[in-house]
Amino acid sequence: MGTTHVTSPPHGHAAHAAHHEDLSFWRRYVFSTDHKVIGIQYAITALLFLFFGFTLMMLMRWQLAFPNQPIPLIGGLLGASRAPGGTMLPTFYNELGAMHGTIMVFLGIVPLAVGGFGNFVLPLQIGAPDMSFPRLNMASYWFFFLGGVTMLLSFFAPGGAAQSGWTSYSPLANIAPTGQTVWILGMIFLITSSLLGAINFITTTIQLRAKGLTFFRFPFFVWAQFVTAFLLLLAFPPLEAAAVLQLMDRVAGTSFFLPSGLVVSGQALAVSGGGNPLLWQHLFWFLAHPEVYVLILPAMGIVAEVIANNTRKPLWGYRPMVYSLIFLGFMSFVVWAHHMFMTGMGTTMAAFFQTTTMIISIPSVVILTSLIISLWGGSIRFNTPMLFALAFLPMFGIGGLTGLPLGLNITDIPLHDTYYVIAHFHYVVAPGTIFAMFAGVYYWYPKVTGRAMSERLGKLHFWPSFLFMNLIFMPMFFAGMAGLSRRLADGGASYLFSPEVLHYNKLSSFGAWGLALAQIPFIVNFFWSRKHGKPTEANAWHATTLEWSAAPSPPPHGNFAEPPVVYRGPYEYSVPGATKDYTPQNQGVVS
Amino acid sequence: MEIPYTVEPRPDTGLTSGKIGIWLFLASEVMLFGALFATYILLRVGAVEWPHGAHYLNIPLATLNTIFLISSSVTMVMAWYSLKTDAFGKFRLYLGATILFGFAFLVVKYFEYSAKFHHGYYPKTNTFLAIYFTMTGLHMLHVIGGMAVNAYLWGPGSKLWKTDKEHFANRVENSGLFWHFVDLVWIFLFPVLYLL
Amino acid sequence: MSDAHSAEDLKKHVRAYILVFVSLMVLTVVTVAVYYVHLPVPAAIGVALLIASVKGSLVACYFMHLISEKKLILWVMLLTVAFFVVLLLVPTFTAVDKIGP
């Protein structure tokens with residue numbers, strides 16, 4: 001490993017590790033302040049929520065493929081208020097849709113990408129013993145957990161869970177059943193969790209990086225998490241404010257989002273009126289647009305690490321990639337109303353948002369292109385993490401490119417709120433981000449457990465997943481271009497024009513169920529390898545970054561025997577004159 | 001374990017982690033209140049008619065509250081200054097005064113709110129009152145939060161002064177930053193809600 | 001500023017705190033006095049926000065020590081204020097620039 005050597009026994013660490021052993025089971029594994037334990041807690045909780053959110057969608061996919069037919073096997077279990085005779089009611093479909101989106105975004109991806117991978121890997125990659133604020137870190141996890149429980153409990157509220165889309169637009173969300181109020185409370189917990197986490201990540205990155213680790217020696221993953229943390233810090237509070245306002249509307253009878261003269265089911269609403277539904281949309285999308293970059297940036301970070309490591313060469317264009325990250329983060333705050341082109345916006349503001357949206361595609365393209373060029377001349381190892389990372393590239397490419405017509409307001413007119421939009425964002429998040437998450441799990445599993453996951457099961461997971469992801473989402477582009485609206489409980493069965501696109505629903509549904517089956521090898525692998533996977537060396541992938549080169553696998557409490565010292569950049573692979581094809585960051589002299 | 005730079009600043013940044021942390025938190029609070037100010041602007045611009053603050057609100061009382069908060073800000077910074085000059089007794093006096101000014105603010109707010117309710121003015125009455133109650137209510141929660149932290153630092157938390165003076169002074173400074181921010185928000189809230 | 005201060009440095013601080021306190025009180029009186037002049041609404045808004053900005057800057061620069069704080073903190077807050085202004089103005093611009101009545 002490194003040339004830094006220990007001449008005296010590690011003073012603080014061993015003593016502290018001994019103290020750490022004295023802690024009870026609860027303090028070591030449940031209420032731990034160790035970033036690694038917290039990271040694992042986040043990751044496992046998030047993976048469970050991802051599978052649950054996926055299950056909700058699989059139910060919806062039955063209704064979409066076979067509208068108004070009873071759901072086999074479990075239809076009878078859903079209860080008469082949701083699925084009388086096993087046939088899904090439209091209100092239940094809406095519940096599933098709203099909660100699928102909420103759970104996947106806020107309880108699945110962000111906690112896994114940021115809470116899970118960010119927490120576990122970031123301190124290790126910067127050579128830190130832990131986060132700057134370990135107790136705050138623990139609090140962040142428990143706020144997330146509380147938010148998750150709240151969201152799950154909302155299914156038991158009278159009238160059902162939130163059912164006005166994950167976007168909770170007013171005035172519909174104002175008059176929706178009690179589950180919407182519970183959703184708001186859940187969001188407040190989740191936002192608090194993210195804010196506390198963001199403060200921790202930014203402070204830790206600035207303050208606890210190792211000696212010699214300047215900003216432009218950071219692994220790209222660290223930069224990605226750093227920018228993401230700023231997005232969370234500054235974009236979430238307006239949604240928290242909006243949530244409070246919607247709560248006031250629902251519970252205190254205010255009219256922040258209720259216009260005057262609103263009539264519901266033939267009755268005028270007894271409120272003061274004077275509010276503005278678009279206010280909700282502005283405040284929501286002010287968060288939700290940066291939120292999509294929160295979903296993708298950590299993924300790009302993971303893909304960058306895996307690609308550099310498995311091509312045995314430095315990333316091409318590291319500096320432009322970093323500047324692109326920063327520019328992207330900044331621009332993400334000024335594009336949000338491209339989600340609102342159809343709200344009666346005038347040409348001046350439409351032109352403004354359209355322009356900023358086109359500009360923001362540039363840094364995305366720089367990052368993707370740099371990752372692709374990084375493959376050129378590489379000595380590529382096609383292991384499972386690399387397969388997922390490679391697949392990310394064209395999948396994110398499709399997702400990103402198909403966003404362009406949505407960002408231009410003229411072409412958005414026929415495409416807005418159709419299945420085209422669903423296809424666009426799922427390509428970015430599903431075979432995009434989620435594939436990157438899988439790459440991260442396979443890549444860092446040996447660091448967390450000291451054992452490798454099975455390559456055979458990994459490939460059995462990858463190939464069908466890749467196939468089924470495309471089977472689910474590719475047809476949706478064409479359905480959307482043909483005019484099929486999203487959020488229809490019968491999948492468009494009652495539209496006169498739709499027969500030729502309706503059969504696409506069946507393709508997507510079979511794809512979804514196939515994708516579910518394709519996850520079985522992953523689940524088996526994940527649990528089996530814990531005890532039966534092949535033990536690996538500390539630097540299992542012969543990587544250059546500190547989490548691999550300076551810490552054992554798994555790392556002990558405190559991470560490093562001695563604080564590492566950094567002498568070089570993050571991707572010094574295949575350095576001319578070196579005997580090894582990798583020169584770790586903490587290695588002083590090339591050997 | 002000892003997390004570095006909790007008490008002593010990191011040499012190249014010149015900052016302690018707690019100071020960075022509190023400023024980042026304040027940045028998020030700027031965006032939180034920003035959303036509410038944006039709400040105020042959008043609702044007022046879109047309103048058919050918008051009442052003068054004086055129609056519903058008591059300007060002399062709010063001016064008094066402004067004076068209370070500004071005074072509490074200066075006593076807060078003097079509390080920190082006292083610690084830096086090793087005058088623990090003065091620290092207690094100044095921080096105590098800060099907490100009392102905060103309490104006075106809350107008392108005035110109690111009278112303001114109960115007068116409104118007495119007249120039948122509630123958040124649901126119209127959007128002006130809705131945004132008034134929401135903004136001042138959220139601000140008030142922040143006043144209470146700040147007072148709670150200050151009370152802790154005045155009371156049980158002050159034990160840290162005996163063992164680690166610099167650490168304690170940093171905590172007081174960071175709490176002060178939060179308290180000044182609460183004052184800053186009111187400096188904008190007062191004219192916007194009451195005078196325009 | 002948690003590093004060591006000299007005695008003179010600290011004395012200068014107290015002078016600044018007192019001056020700022022007095023300025024804030026005076027400006028508060030001015031704010032309320034201007035109100036009683038009953039300017040037309042746009043002017044009233046402009047004046048009120050201007051005075052509030054001056055007061056806020058004094059609190060930020062001197063009570064919160066931003067004027068002598070490390071650049072990192074200043075830049076983070078300036079970035080935040082930029083986004084704050086965007087959030088404040090753009091929704092209203094969008095509402096005003098709309099199609100139809």
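A: Helices are counted here as DSSP runs of H or I with at least four residues, strands as runs of E with at least two, and both are numbered from the N terminus. The model is a predicted one, and the part taken up here is chain B, whose secondary structure by that count comes to seven helices and zero strands. Read from the N terminus on, the elements of chain B accordingly follow the order α-α-α-α-α-α-α. Along the principal axes, the C-alpha atoms of chain B fill a box of roughly 60 × 35 × 25 Å. Of the 196 residues in chain B, 49% are buried. If one takes the contacts in chain B between residues at least 6 apart in sequence, 76% of these join residues that are at least 24 apart.

The contact between chain A and chain B draws on 37 residues from chain A and 30 residues from chain B. Two or more residues of the side of chain A that touches chain B come from each of helix H1 (11-21), helix H7 (179-207), helix H8 (220-252) and helix H9 (277-311) of chain A. The largest share, eleven residues, is contributed by H8(A). The classes on the side of chain A that touches chain B are 22 nonpolar, 13 polar and two charged residues.

Helix H17 of chain A has 20 residues (499-518), which at 1.5 Å a residue should span 28 Å, and its end C-alpha atoms are 30 Å apart, so the two values agree. Within H17(A), the buried residues are A:Val501, A:Tyr504, A:Asn505, A:Ser508, A:Ser509, A:Gly511, A:Ala512 and A:Leu515. Because these residues cover an arc of only 165° around the axis, they lie on the same side of H17(A). A:Pro499, A:Glu500, A:His503 and A:Leu517, by contrast, are exposed on the other side of H17(A). The partners against which the buried residues of H17(A) pack are helix H3 (35-65) and helix H16 (455-481) of chain A.

A:Phe353 belongs to helix H11 (residues 347-373) of chain A, and it counts as buried because 23 other C-beta atoms lie within 10 Å, where 20 or more are required. Apart from neighbours within four places in sequence, the residues in contact with A:Phe353 are A:Val335, A:Ala337 and A:His338. A:Val334 stands 19 residues away from A:Phe353 along the chain, yet their C-alpha atoms are separated by 7.4 Å.

The peptide bond from A:Ser170 to A:Pro171 is cis, with omega near 0°, and A:Pro171 sits in the loop between helix H5 (134-153) and helix H6 (172-175) of chain A. Another cis peptide bond joins A:Ser553 and A:Pro554, with omega about 0°, and A:Pro554 is located in the segment after helix H19 (546-549) of chain A.

A:Asn68, which is not a glycine, has a positive phi of about 60°, and its place is in the loop between H3 and helix H4 (90-125) of chain A. A:Asn68 counts as exposed because it has 12 C-beta neighbours inside 10 Å, and the limit for that class is 12 or fewer. A:Asp417, likewise not a glycine, has a positive phi of about 65° and is found in the loop between helix H14 (409-415) and helix H15 (419-449) of chain A. With 13 other C-beta atoms within 10 Å, A:Asp417 is partly exposed.

How values were computed: Residues numbered from 1 in each chain as written. Chains lettered and ligands numbered in written order. Predicted model: local features only at pLDDT ≥ 70, side-chain atom pairs only at ≥ 80, totals over all residues. Contact = placed C-beta atoms within 7 Å. Nonpolar A, V, L, I, M, F, W, Y, C, P; charged D, E, K, R; others polar. Expected span 1.5 Å × (residues − 1). Arc of directions from axis to C-beta.
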